[in-house]
Amino acid sequence: MPHVDLAETSVRDLNLALHKLGADTNETLWSIANPGGEHSIAVGINAPITVNIAGNVGYFCGGMNKYANIVIDGSAGQGVGENMMSGRIHVKGDASQSAGATGRGGLLLVEGNASARCGISMKGIDIVVKGDIGHLSAFMGQNGRLVVFGEAGEALGDSIYEAHIYVRGPVASLGADCIEKEMRDEHRAELGELLKAAGEGHKVDVAEFRRYGSARKLYNFNIDNAGAY
Amino acid sequence: MTEHQRNWLATEPRKSATFDDATLSEIRRAAATGIYDIRGGGSKRRMPNFDDLLLLGASMSRYPLEGYREKCGTEVVIGSRFASKPLKLAIPITISGMSFGSLSANAKEALGRGASLAGTSTTTGDGGMTPEERGQSKYLVYQYLPSRYGMNPDDLRRADAIEIVIGQGAKPGGGGMLLGQKISDRVAQMRQLPKGIDQRSACRHPDWTGADDLEVKINELREITDWETPIYLKIGASRPYFDVQLAVKSGADAIVLDGMQGGTAATQEVFIEHVGIPLLSAIRPAVQALQDLGMHRKVQLIVSGGIRNGGDVAKALALGADAVGIGTAALVALGDNDPRWEAEYNKLGTTAGCYDDWHEGKDPAGITTQTPELMQRLDPVAAGRRLANYLKVLTLEAQTLARACGKNHVHNLEPEDLVALTMEAAAMARVPLAGTNWIPGAPGF
């Protein structure tokens, strides 16, 4: 099992080693020690490996991840899992702003809170946050699902397209064109699957969540809607 | 009153200079439709440009080079600051970013073919990288845009350079809008949005908010591409001195500076005509910023926004740019607004040379459309050949002018080779008014 101590090895050398891994690599379990809040740890991985990071990471950890399972045993800085394509990123602490930004696939799981703009411009990623999220989360969310156990900040889902949002706690305010929607059976099933994937399937009742999504009134510009922008 | 008296008292009808025909037409249009005008193209009003500068050919105090016999170099290396694989272009003219979605796949392919024939690069745009464009482009710059439509790490690694778009000359500070009628199945699939809806492009990036953040973002992209791929930053010309300094500080390998005459696929006319500054006025502050940091020629400066001919190229290089970018001119070279389609332009209520409703997807030339029957009108091989011819003419013209100024490389042109025809141009370009040694605003006057 490769072990990399970032107190001795640079992030550059770590990423270079990770980028050399192919789809059929035997080096499938990596451990990273002393991340020390460094930026861009384990970015651009393109192989089905597991990376365990022991500690806090800086900006963009796991950025553009494909296939990898990345576990951060600490908190993550800005843009964790940005534009990830597939795989799984598990933040055991809190996540800073823009977590999962523009993510296209895979699952981002945050045990603690996520800050502002969580899931901004999400494009297919699933994000589960067990704590609260900040303002402007899922702004311009195109696709994917955002699940929040706690509270949501202001302007949730502003200018949202087709992302699905489930929040258990109170929502400070909804953004432009975002409305609360009926929870039908298919949504309860979808939420149940997400909770199961996040390891919470047996602990949380889907009936406690409310669903939010697009009113689709701003999909084509109309001057009579100008006040909504 | 007699007829004679009536004639004597009558005055000729006179239109207001403030409310001219175009203004009156726009007021009527706004009142009828209830929406501001959205269009493509760039600024349509006259503003200071490279025509207001003249090159000083050699006479006695300078020694010219022989045309067609003595060499005048044109090659340029872009992105050598940090990247291990900078672009080595044969000519200092690049093709600016234009998106698939706004343009047809055939048009994107033609741009790639033309650029490759001429030894230069082309650039993607909102909408991602198409196989047609990647396949035909020897050098392809991958735009990293606020919308992140079509963005994925595989394409990022397939790119020869990455251009982080922060602003665009036609609309610095503004986002974009691709109206629903152009959202074909393929465009919708690439952008991961429902078909037929208006696709808004964000005006700001989702995961960084300032220069300090951007520095970290750039390093992430470098990490993903193993520090091989040059990173450009594209900015709309508005505060070029400060924006260029921050771009250098953030770690750019190269800077693309886009003046307000630059084109756009579609945005509000009020934005096109009233935001940003002309390229003529933007280059010297940008170069000054690089010089003050000791980074001129180390961080390359590509300027764009209204470049039309070799004179524009030579003058932009003389002001300190390393290369120029062309967008609208490249589309015209492909066949945009060609009079051969005049009858169809007339049906759309316009005329060849004025067509700018590119967002409507009805382009008779088959360039700014996703309609299959229109797209087929553009032969990407022939259009690519036309673009290559045009790029070579631009290069030849710039070489000719450089030789006349006694330069054996187009990059040896310098501000000292220029004078201005107007005080405005002299002040903006910081070169003397012709026949004087007066640079308005320069220290000492």
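Which residue has a side-chain oxygen that reaches to within 2.9 Å of the backbone nitrogen of Gly311(B) at the start of H11(B)? In this predicted model, the residue is Asn309(B), whose side-chain oxygen approaches that backbone nitrogen at the start of the helix.

## Helix H11 of chain B

Helix H11 of chain B covers residues 310-318, and because 9 of its 9 residues are buried, the helix is largely enclosed by the rest of the structure. The buried residues include Gly310(B) and Gly311(B) at one end of the list and Leu317(B) and Ala318(B) at the other, and among them are also Asp312(B) and Lys315(B). Beyond the helix comes Gly320(B), which has a positive phi, near 120°.

## Helix H10 of chain B

Helix H10 of chain B takes in residues 279-292, and its length can be checked by a simple calculation: at 1.5 Å a residue, the 14 residues should span 20 Å, and the end C-alpha atoms are 20 Å apart, which agrees. This helix is mostly covered, since 11 of its 14 residues are buried. Among those buried residues are Leu279(B), Leu280(B), Arg284(B), Pro285(B) and Leu290(B).

What lies over the buried residues of H10(B) includes H11 of chain B, together with helices H8 (240-250) and H16 (423-429) and strands S2 (53-55), S12 (254-258) and S14 (300-304) of that chain. Just after H10(B) stands Gly294(B), with a positive phi of about 70°.

## Strand S7 of chain A

In chain A, strand S7 (residues 123-129) has 6 of its 7 residues buried, so the strand is largely enclosed by the rest of the structure. S7(A) runs parallel to strand S6 (residues 107-110) of chain A, to which 4 bridges join it, and within this pairing Leu109(A) has Val128(A) as its bridge partner.

S7(A) also pairs with strand S8 (residues 143-148) of chain A, again in the parallel sense, over 5 bridges. Here Lys123(A) stands opposite Asn143(A) in S8(A).

## Cysteines and disulfides

A disulfide is a covalent bond between the sulfur atoms of two cysteines.

Note on methods:
Residues are numbered from 1 along each chain as its sequence is written. Chains are lettered from A and ligands numbered from 1 in the order in which they are written. This is a predicted model: local features need pLDDT of at least 70, side-chain atom pairs count only at pLDDT 80 or more; totals for chains, interfaces and linings use all residues. Side-chain values use heavy atoms; hydrogens and water are left out. Buried means under 20% relative accessible area, exposed over 50%, partly exposed in between (1.4 Å probe, protein chains only). Helices (H or I, at least four residues) and strands (E, at least two) are DSSP runs, numbered from the N terminus. A polar contact is a pair of N or O atoms within 3.5 Å; within protein, one must be able to donate a hydrogen and the other to accept it, and residues adjacent in sequence count only if both atoms are side-chain atoms. Two strands pair if DSSP finds at least two bridges between them. The expected span of a helix is 1.5 Å times one less than its number of residues. Contact means heavy atoms within 4.5 Å.
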